[in-house]
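Hi there,

Here is the structure I promised to pass on to you. Have a look at it first, and then read my notes below.

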Amino acid sequence: MKIGIIGFGAVGITLYSQLDGYSNLYVLSNENRYDKLKKEVIVNDITYKPNVITKGIMDLIIVSVKNYDLDNAIIDMAPFMDENTIILPLLNGISAREKLVKAFPLNKVLFGLVYTESNKNGNVVKTSKIINLCFGEKDNTNPKEYILEIKKIFDKYHINNEISINMEARCWTKWMLNLGINQISALLNATYTDLTHPLLKKLLYDIFDEVYEVSKAYNVGMTEDAIESVHKRVESFNSSRVTSLTLDFNKGGKNELEIFGPTLIKLADDKGLNVPVNRTIYSLIKAYDDLKNK
């Protein structure tokens, strides 16, 4: 199976480093970015030379760009695809898969998510490796053979992964967690450990509750176990790192704010639901971002 990675940031580089040694692993590039992507990267003090290509059909393309770069990625990945190419998006949020399905209606577009604490500075990545990579079709009660084939590769290279029975609900659960921690962290420049402060935990849990109510209106299939699982994640935070949105805010320029509060608020509005906590948090963080960049 030929595997291509498009999006060579913290997640893409981390995944590439863990698949190091797999003979059919490639970094996908257009001609303009080829020289930049060919440069060595350093992951936890180990140097890797990316296998970058500008042509060739892939069996599996893993998409690990930021949401604001997805439109460009769709253009760049098209030459590497035929009707048999499988697409595995690992972007934050719940909207990227739908955009990929619209762009490539003849292809299998999986649900996917990844948990990792990876920070990139130039060509240097500090990472805890892949904490968990979850993927599959919407319903994986009986996983298809091609899904199991992908899992075998991840297992062989010791990438923590799983195939959830309801991947749509699983993606919503991660989005629910990220919607809370990314926005609060960016607003306060707070670390993961900071987010365990009792007042911030209460605020996070209120955000999660609103997301859960919206999910029920869309028949996603989330259960109260999802709420419990994200509570446990927050309780376990013990890191001086900050979230990806916080890093983007600190750098200035583009960020993924629109996939969090605005997406939830629109979904809620379309169903006549009220999400006052999320609406307030978004107003604060949007004003902060605007004022910082004016």
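Let's begin with asparagine 219, which sits in the loop between α7 and α8 (224-236). Helices here are DSSP runs of H or I with at least four residues, strands are runs of E with at least two, and both are numbered from the N terminus. Asparagine 219 is exposed, with a relative accessible area of 68%. (Buried means under 20% relative accessible area, exposed over 50%, and partly exposed in between, using a 1.4 Å probe and protein chains only.) Its phi is positive, about 50°, although asparagine 219 is not a glycine. Most residues other than glycine have a negative phi.

Before going on, please note that this is a predicted model: local features need pLDDT of at least 70, side-chain atom pairs count only at pLDDT 80 or more, and totals for chains, interfaces and linings use all residues. Residues are numbered from 1 along each chain as its sequence is written, and side-chain values use heavy atoms, leaving out hydrogens and water.

Two other asparagines deserve a look. Asparagine 189, in the loop between α6 (167-188) and α7 (198-217), also has a positive phi, near 55°. Asparagine 189 is partly exposed, at 43% relative accessible area.

Is asparagine 107 buried or exposed? Asparagine 107 is buried, with a relative accessible area of 14%, and lies in the loop between α4 (96-103) and β8 (108-109). A polar atom of its side chain is 2.8 Å from the backbone oxygen of threonine 85. Leaving aside residues up to four places away in sequence, asparagine 107 touches Met81, Asp82, Glu83, Asn84, Thr85 and Ile87, where contact means heavy atoms within 4.5 Å.

Now for helix α9 (residues 244-251), where Leu245, Thr246, Asp248 and Phe249 are buried. Seen down the axis of α9, these buried residues fall within an arc of 160°, so they line one face of the helix; the arc is that of the directions from the helix axis to the C-beta atoms. They pack against α6 and α11, while Asn250 and Lys251 on the other side of α9 are exposed. Just after α9, glycine 252 takes a positive phi of about 85°.

Enjoy exploring!

Methods. Polar contact = N/O pair within 3.5 Å; in protein donor to acceptor, adjacent residues only side chain to side chain.
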